[in-house]
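Colleague: I am new to reading models like this one. Can we go through it feature by feature?

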Amino acid sequence: FSEKAEAIVSESTGVARNTRGPGQQTIPGTGRGGVRVPDLRLRGAGGSFRLRGSIVEVKASATGKSFGDLSARSRDQIRDAVTYARRLQERANLVKDPVVKETLLSAHVEVFSDLKAPTSGEFADLMEEGILRWKAIPR
């Protein structure tokens with residue numbers, strides 16, 4: 001189910017899926033080996049950061065409807081992506097090129113999901129801040 005959702009988001013955004021295995025792209029995180037694997041490619045000319053200024057995660061649920069149905073693992077993945085986006089924002093201070101600087105300053109996480117967006121708590125606060133954006137999976 002989640003692979004189908006990733007394929008839909010990949011097609012609608014124009015960003016390739018980040019398939020596991022040789023060549024997969026990772027970010028630092030709390031996952032196995034101290035890394036996370038974003039759902040869509042992050043780096044390179046066709047990566048989500050270059051094309052959208054974001055790290056993209058896809059959270060599809062076969063049974064859930066509300067944000068509360070999101071697994072602890074998925075929440076941790078989102079937290080790690082937000083932490084990485086913050087690191088990119090911090091790097092802007094080291095850059096002189098105004099275009100690159102602005103891109104880094106606006107780094108954010110896009111979560112495409114069929115679950116309703118959070119309305120309170122930590123993730124709602126991140127959305128209010130603008131570093132987390134919750135979007136429906138295109139159908």
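**Reading the sheet**

Modeller: Three strands build an open sheet in the order S3-S4-S5, with parallel pairing. S3 and strand S5 (132–136) are at the edges with a single partner strand each, so one side of each has no neighbour in the sheet. On average, neighbouring strands are turned by 20° against each other, direction ignored. This is a predicted model: local features need pLDDT of at least 70, side-chain atom pairs count only at pLDDT 80 or more, and totals for chains, interfaces and linings use all residues. Residues are numbered from 1 along each chain as its sequence is written, and side-chain values use heavy atoms, with hydrogens and water left out.

Colleague: How many bridges join S3 and S4?

Modeller: Strands of a sheet pair through backbone hydrogen bonds, either parallel or antiparallel. Two strands count as paired if DSSP finds at least two bridges between them. Strands are DSSP runs (E, at least two residues), and helices are too (H or I, at least four), numbered from the N terminus. Here S3 and strand S4 (residues 108–113) pair in the parallel sense over six bridges. Valine 56 has glutamate 110 in S4 as its bridge partner.

Colleague: Which strands does H3 touch?

Modeller: Contact means heavy atoms within 4.5 Å. Axes are lines fitted to C-alpha atoms, for helices over the stretch in contact, and angles run from 0 to 180 degrees between N-to-C directions. H3 packs on the sheet and touches S3, S4 and S5. Its direction makes about 175° with that of S3. H1 lies across S3 and S4, at about 145° to S3.

Colleague: How many aromatic pairs are there?

Modeller: A pair of aromatic rings is described by the distance of the centres and the angle of the planes. Rings of Phe, Tyr and Trp (its six-membered ring) pair if their centres lie within 6.5 Å; planes under 30 degrees apart are stacked, over 60 edge-to-face, the rest tilted. The structure holds two. One of them, phenylalanine 67 with phenylalanine 123, is tilted: 5.2 Å centre to centre, 55° between the planes.
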